[in-house]
Amino acid sequence: MSEGVDMTELKRRMEGAVSAFKNDIASLRTGRASANVLDPVLVEAYGSRVPLNQVANISVPEPRMLSVSVWDKGMVGAVERGIRESNLGLNPIIDGQNLRIPLPELNEERRKSLVKVAHDYAEKAKVAIRHVRRDGMDDLKKAEKDGEIGQDMSRSQSEKVQKMTDETIVEVERLLAEKEKEIMQV
């Protein structure tokens, strides 16, 4: 007899969903500057679209300013275009091979739209976690049907999978609440 479903694998997959959620919300802009704000920016470089961090260094010299140091002088225009076209509401200022990007104050409307985006990211994470739960439950049902585990083992494993799912979703909710508070802070 086997022990049913691999709990460590399910845990790893659920933690992967939480990790992806953390990365998503880290790119949302709050009142202070963060280099992660430019993560979604793609730049037309050498015949393809590449992430900004593959053609430049991004730093935060001041709380409301980002600095982008482009490695190749010929790429400065493409980097500026990429930032402007990224729908982040940023207007870079070219300074030689560097771009200075002042971060405007977030108004109430923009803050609320960022909170909505954060909620969308959280919902995606919860759906991913529920998919992991469903896969675990399907594996348990199959193992029970094939006679690999008994009904009691299946039931206790199902409860463990559900408990792990609930705990992981609570963590996503906690992270979302923290980010929401951070975004709405004036």
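## Strand pairing and the open sheet

Two strands are taken to pair if DSSP finds at least two bridges between them. In this predicted model, an open sheet of four strands is found, with the order β3-β4-β6-β5 and antiparallel pairing. Its edge strands are β3 (56–62) and β5 (93–95), each of which pairs on one side only. On average, neighbouring strands of the sheet are turned by 25 degrees against each other, direction ignored.

## Confidence of the model

The protein chain has a mean pLDDT of 86, and 95% of its residues reach 70 or more. Confidence is lowest in strand β1 (residues 42–45), where the mean is 85. It is highest in helix α4 (residues 151–184), with a mean of 92.

## Overall composition and dimensions

The protein chain contains four helices and six strands. Read from the N terminus, its elements follow the order α-β-β-β-β-α-β-β-α-α.

For 186 residues, a compact globule would have a radius of gyration near 16 Å, whereas the protein chain has 22 Å. The C-alpha trace spans about 70 × 40 × 20 Å along its principal axes. The accessible surface of the chain comes to about 10800 Å², and carbon and sulfur atoms account for 50% of this surface. Buried residues make up 37% of the 186 residues. Of the contacts between residues at least 6 apart in sequence, 67% join residues at least 24 apart.

## Helix α2 and its cover

Which residues of helix α2 (residues 76–84) are buried? They are V76, A78, V79, E80, G82 and I83. The cover over the buried residues of α2 includes the strands β1, β4, β5 and β6.

Residue A35 is located in the loop between α1 (7–26) and β1. Leaving aside residues up to four places away in sequence, A35 touches I58, V60 and L66. A35 and N57 are 22 residues apart in sequence, while their C-alpha atoms are 9.4 Å apart in space.

Is A35 buried, exposed or partly exposed? Its relative accessible area is 26%. Buried means under 20% and exposed means over 50%, with partly exposed in between; A35 is therefore partly exposed.

K126 is found in helix α3 (residues 108–145). Why does K126 count as buried? Its relative accessibility is 11%, and the cut-off for a buried residue is under 20%. Beyond residues up to four places away in sequence, K126 touches I169, V172 and E173.

T168 lies in helix α4, the element in which confidence is highest. T168 counts as buried because its relative accessible area is 5%. Apart from neighbours within four places in sequence, T168 is in contact with M14, V18 and I129.

Notes. Residues are numbered from 1 along each chain as its sequence is written. This is a predicted model: local features need pLDDT of at least 70, side-chain atom pairs count only at pLDDT 80 or more; totals for chains, interfaces and linings use all residues. Side-chain values use heavy atoms; hydrogens and water are left out. pLDDT is the predictor's confidence in each residue, from 0 to 100. Helices (H or I, at least four residues) and strands (E, at least two) are DSSP runs, numbered from the N terminus. Buried means under 20% relative accessible area, exposed over 50%, partly exposed in between (1.4 Å probe, protein chains only). Contact means heavy atoms within 4.5 Å. Axes are lines fitted to C-alpha atoms, for helices over the stretch in contact, and angles run from 0 to 180 degrees between N-to-C directions. The radius of gyration is taken over C-alpha atoms; the globule rule is 2.2 Å times the number of residues to the power 0.38. Accessible areas come from the Shrake-Rupley method with a 1.4 Å probe; for residues, only the protein chains shown count as cover.
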